[in-house]
Amino acid sequence: MIPDGNLKSNIERFSGFEEVYDKFRPQAPKLVVELLTGYLQSKPSVVMDLGCGTGLSSFIWKDRADRVIGVEPNDDMRSKALQKLQMTSNADHIAFIPGYSNQLEADSETADIITCSQSFHWMEPASTLKEVQRVLKRGGIFAAYDCDWPPTVNWEIELQYTSLIEKADTIIERLADQDKKANKWNKDHHLRRMAESGVFRFTKEIVFHNFESCDAERYAGLAFSQGGVQTVLKLGSDELNPDIEKFRASVENHFQGRTLDVMFSYRLRLGVK
């Protein structure tokens, strides 16, 4: 049974494209580990990664925490994380479990760090922060971080990327049943919600960049891994196909077979309990 405050449509939005998601989405930057460990001022005993997806934001803690727990309600995403875990050596201290951000299977005051990577905007914020308050140790760190879409490469390509996502959202609004539409909380309000929650003694937003190597397939794949695009495809609509092909052609024309360093811009909202 899904606990109150969680939407089935938000969970199911990520079903069926775990391979595409894991192949093209960025792994969480190592700088996240450095920043959060620095604020904690010690090696974390327990890191909980809420809405961990395929584990892209969990495995970065492998050698930097005594225990890592990825919590993911979507079966397909979590199955991919578990598949990767089976192929990872010296990872007995990492676990991926089903669960919800506002009803965690964890004792009170047991986590040193709790993270939400590209996921907090899919969670009901008030009840999630209340649960974070329960599970986090005093002096522990909560961090919700996201990268801006699209990554910086070329203004014309970025304009096409944005238009593709906007058109996908328009198609979903028209074709999807109301109870199938996902609800997204505004990322721009994350810090304010954290500050007003009363959970944290200190809150801050940290902005940074991370460069990753991208070829045309990778950059185009980032757009195709967006939930809106995948939702349109799952709805059986072909309306987006011409835009997808145009975007793919533009990306290939820009990259010209090259692998380029592409800038991913991040916004990390941090709170100290």
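Buried residues have under 20% relative accessible area, exposed ones over 50%, and partly exposed ones fall in between (1.4 Å probe, protein chains only). Keep that scale in mind for this predicted model, in which local features need pLDDT of at least 70 and side-chain atom pairs count only at pLDDT 80 or more, while totals for chains, interfaces and linings use all residues. Residues are numbered from 1 along each chain as its sequence is written, and side-chain values use heavy atoms, with hydrogens and water left out. Helices (H or I, at least four residues) and strands (E, at least two) are DSSP runs numbered from the N terminus.

**Helix H5**

- The buried residues of H5, which runs over residues 125-135, are Pro125, Thr128, Leu129, Glu131, Val132 and Val135.
- They lie on the same side of H5 because they cover an arc of only 160° around the axis, the arc being that of the directions from the helix axis to the C-beta atoms.
- Ala126 and Lys130 are exposed on the other side of H5.
- The cover over the buried residues of H5 includes strands E1 (46-50), E4 (111-117) and E5 (136-147), together with helix H7 (190-196).
- A side-chain oxygen of Glu124 comes to within 3.3 Å of the backbone nitrogen of Ala126 at the start of H5. For such a polar contact, a pair of N or O atoms must be within 3.5 Å; within protein, one must be able to donate a hydrogen and the other to accept it, and residues adjacent in sequence count only if both atoms are side-chain atoms.

**Helix H6**

- H6 spans residues 155-175, 21 residues in total, and its first and last C-alpha atoms are 30 Å apart, close to the 30 Å expected at 1.5 Å a residue. The expected span is 1.5 Å times one less than the number of residues.
- Ile157, Glu158, Tyr161, Leu164, Ile165, Ala168, Ile171 and Ile172 are the buried residues of H6.
- Their arc around the axis is only 150°, which puts them on the same side of H6.
- Trp155 and Glu173 are exposed on the other side of H6.
- Helices H8 (216-224), H9 (227-234) and H10 (241-255) are what the buried residues of H6 pack against; contact here means heavy atoms within 4.5 Å.
- The N-terminal end of H6 is capped by Asn154, with a side-chain oxygen 3.0 Å from the backbone nitrogen of Glu156.

- Thr231 belongs to helix H9 and counts as buried at 15% relative accessibility.
- Beyond its neighbours within four places in sequence, Thr231 is in contact with Arg13 and Ile172. Ile172 is one of the buried residues of H6.
- Leu268 sits in strand E7, residues 260-272, and is buried with a relative accessible area of 0%.
- Setting aside neighbours within four places in sequence, the contacts of Leu268 include Val32, Leu35, Leu36, Ala143, Tyr145, Ile206 and Phe208.

**Backbone features in loops**

- The peptide bond from Trp149 to Pro150 is cis, with omega near -5°, and Pro150 is in the loop between E5 and H6.
- Asn90 is not a glycine, yet has a positive phi of about 55°. Asn90 lies in the loop between helix H4 (75-86) and strand E3 (94-97) and is exposed, at 66% relative accessibility.
- Gln118 also has a positive phi of about 55° without being a glycine. Gln118 is in the loop between E4 and H5 and is buried, at 13% relative accessibility.

**Cavity and pocket**

- On a 1 Å grid over the protein atoms alone, a cavity is a set of points where a 1.4 Å probe fits but cannot get out, and a pocket is an open set with protein on both sides within 12 Å along at least five of seven lines; lining residues have an atom within 4 Å of a point.
- Grid points are joined across faces, edges and corners, and a volume is the space filled by probe spheres set on the points.
- There is 1 cavity of 30 Å³ or more, and the volume of the largest cavity is about 140 Å³.
- Of the 17 residues lining the largest cavity, Tyr21, Pro26, Leu56, Ser117 and Gln118 lie nearest its centre.
- The second largest pocket holds about 230 Å³ of space; it is lined by 13 residues, with Gln27, Ala28, Pro29, Lys30 and Ile60 the closest to its centre.
- Helix H3 (30-40) and strand E6 (202-214) each give at least two residues to the lining of the second largest pocket, and H3 supplies the largest share, 3 residues.
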